[in-house]
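Trainee: I have just opened this model. Can we go through it in short questions?

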Amino acid sequence: MAVGAPERPRRARKAEPSPPPIAPPADPAADFRLLFESAPVSILILDRELRIVAATDSYLAASRSVRDQIVGRNVFDAFPDTSPDPEGSGSSHFRASLARVLAWRVADTMAVERYDIPLPEAEGGGLEQRFWSPVNTPILDERGRVAFIVHRVEDVTEFIRAKDLSREHDRGSGKLNSRTAGMEADVYTRARDIADANRQLNVANLELRRSEAFLDSVIENIPDMVFVKDARTLRFVRLNRAGEALLGISRSDYVGRTDHDFFPVEEADFFTLKDREVIAHGHVVDIPEEPIETPSGRRILHTKKLPVVDDDGQPIYLLGISEDITDRKHANDAIEAARVEADRANRAKTEFLSRMSHELRTPLNAILGFSQLLEMDELNADQRENVAYISQAGRHLLELINEVLDISRIESGQISISREPVAVDEVVHEVATLVRPLADARGVTVEVVAIEPGAFVLADRQRLNQVLLNLLSNAVKYNREGGSIRVETRPADDGMLRITVADTGFGIPPEYHDRLFRPFDRLGADRSSVEGTGMGLALSKGLVEAMAGSIGVESTVGVGSSFWVELAMAESQLARYERTTDAAGAAAREASLVILQIDDNVSNVRLVERIVARRPGTELLSAGRGQLGLELARHHRPGLILLDLHLPDMAGDEVLGQLRADPATCDLPVVVLSADAERGRRDQLIAGGAFGYLDKPLDVGDFLAIVDRLAARGMPPR
């Protein structure tokens, strides 16, 4: 039995009484089932499981089936494929077509198929050949799923039979046969073409729906509000889930309305103004902060709006993406407020420490001064011991005040650092010489070994001296009686030079290493007889980092500790001068000038000596301390004073002030030579009476130009 024909009963059954007639409905117009069944088209209705739920009378008549025998049954059970033709393919084509409809949810037109319809025994039995052209159409539910399939067939048997009859009655008419064959081929070809085109269209529609579903999923799951407006009316046509949550408005209420329907007039006018700017200029508009009122309160949005154009470049939609930055804005505001408060607190702390320093130094000056006077008097042993305690406590307090002020300046960024090439061996030997008397008192040997020859580092010489003096003093104070100290240098990674101070003390447990560089934390040494403030290492760390270096420690309990400082290696100014100076271009020139250089950096003095040697008749005097420089200036009245700002006993600008205030030196030209290259600093020094300002590293040409100009003027009168 072929598809389209109902399964016939295998044995006769008793005739059953006819069902009672169905009463007509109260409203005849509402009996849609009756209207459907009476429709003059052959239609079969299937559900998702391919069960027959309804059939028209026309279909029942064409398929020689009975409604009660097929409704509720699977279509392939009700119409099994029992065709005797082994090449029959109607059933498989029908299955494939229904599968495509279920998968793609679009109508599917099948090619013309042959079906064998069983005839009743009253008509002689057997099978009747029929040719049908079927179309399967889905009916979708509200969620877009296939709920039912409409299987509609058109009987084209008469056309096929006409071809057969023409072949029998007019075999000699080749023209008719050819036309009939052509018509038949055309029918089959067109049907096949329609089926192929339908399948291609279904595939394209499926890909389109997949793309739409993907984009829809992306838009719906973006955590930022996404909205779309009509470019002409600025009415909303789309709002995603995040927008609903932010605004507290259902998208169904939002679509078709404008900003003025939801927001205060000022906000709505601003939104509309920006929308029209996007449409008019066709570019993206970025609104970094856009306040908006929502049910959860005032929110701050970062919004970007851009036009969506058609093929002609005309805007058809406006797309907007809004990120809620309220929490971030509040956090940034809190951070800024905290920063302002911290700056205020730092300024207050600096001012307090400055005042405290002044207030403490004034009475401390009297304490130390009078205690030293008492030491000069004739005192007995007890009195001399008491005065010694007073002097010792006073010096300790002065040291503490100075260190606290230095740390405060470092923390507030007000410490003055002049980074220039510094000869490491000079500083190390100088500090070792200062520490040896303290070491000798405890029987500790200080050994300077393996110093990198000719090594220079970028540092502030005075501050590097301060750091190394602190490390060596600690190595003496916390060493064993009769212990030893080794100072050595070696190249480190990334162009750095490491200076190490190693002792043979008791060592520091690893759990204490993090506390070593904290202010006032002496790790329990405050309960010992070793003097200290707990500020030295903290200050050293701040100074080294201000010089773009690093400081650290390696220690083994019972063996000793090694504190190290790493600073960037540098070329000495003298080496640079000798490398870059053209002997011919720097030919000696007759001159007569006395130059006084006030600078504690020996390498700087040697550089100036080498340069001045190219000017016969020029004499160079040098002073490593500010007070000595003032005395030499008054005595010799030099034609040029080279002044460094960082001196061990007083600040360079203080020396400049005294030179200008003293009638004996107020007319002498002073050129400041320093690595402090800030414009404001220069202007301040020039306003304070400096003749000029030269940066380190020294430009030899600029320096010689000043020397030659002042030499031409001659020496100032004595």
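Trainee: How many bridges join strand S19 to strand S21?
Mentor: This is a predicted model. In it, S19 covers residues 593-598 and S21 covers residues 640-643. The two strands run parallel. The number of bridges joining them is 4.

Trainee: Which residue in S21 does Ile598 stand opposite?
Mentor: Look across to S21. The residue facing Ile598 there is Leu643.

Trainee: In what order do the strands of this open sheet lie?
Mentor: The sheet has 5 strands, and the pairing is parallel. Strand S20 (618-623) and strand S23 (692-695) are the edges, as each pairs on one side only. On average, neighbouring strands are turned by 20° against each other, direction ignored. The order is S20-S19-S21-S22-S23.

Trainee: Which strands does helix H17 touch?
Mentor: H17 spans residues 602-612 and packs on the sheet. Its direction makes about 175° with that of S20. The strands touched are S19, S20 and S21.

Trainee: Now the other open sheet. Is the pairing in S8-S7-S11-S10-S9 parallel or antiparallel?
Mentor: Take S10 and S11 (residues 315-324): 9 bridges join them, and they run antiparallel. For the open sheet of 5 strands, the pairing is antiparallel.

Trainee: Which are the edge strands there?
Mentor: An edge strand pairs on one side only. The twist averages 30° from one strand to the next. The edge strands are S8 (236-239) and S9.

Trainee: Which helix lies across S7, S9, S10 and S11?
Mentor: Look for residues 265-281. They run at about 155° to S9. The helix is H10.

Trainee: What is the volume of the largest cavity?
Mentor: There are 3 cavities of 30 Å³ or more. The largest is lined by 15 residues, with Met225, Phe227, Asp259, Phe271 and Ile292 nearest its centre. Strands S7 (225-230), S9 (285-294) and S10 (297-309) each give two or more residues to that lining. The volume is about 120 Å³.

Trainee: Is the crossing of H13 and H14 left-handed or right-handed?
Mentor: H13 (residues 424-441) and H14 (residues 461-477) pack at about 35°, with axes 9 Å apart. Their contact includes Leu434 and Leu438 of H13 and Leu468 and Leu472 of H14. Its residues divide into 13 nonpolar, 2 polar and 3 charged. The crossing is right-handed.

Terms used:
Residues are numbered from 1 along each chain as its sequence is written. This is a predicted model: local features need pLDDT of at least 70, side-chain atom pairs count only at pLDDT 80 or more; totals for chains, interfaces and linings use all residues. Side-chain values use heavy atoms; hydrogens and water are left out. On a 1 Å grid over the protein atoms alone, a cavity is a set of points where a 1.4 Å probe fits but cannot get out, and a pocket is an open set with protein on both sides within 12 Å along at least five of seven lines; lining residues have an atom within 4 Å of a point. Grid points are joined across faces, edges and corners, and a volume is the space filled by probe spheres set on the points. Axes are lines fitted to C-alpha atoms, for helices over the stretch in contact, and angles run from 0 to 180 degrees between N-to-C directions. A crossing is left-handed if the near helix is turned anticlockwise from the far one by less than a right angle, and right-handed if clockwise. Contact means heavy atoms within 4.5 Å. Ala, Val, Leu, Ile, Met, Phe, Trp, Tyr, Cys and Pro count as nonpolar, Asp, Glu, Lys and Arg as charged, and the others, Gly among them, as polar. Two strands pair if DSSP finds at least two bridges between them.
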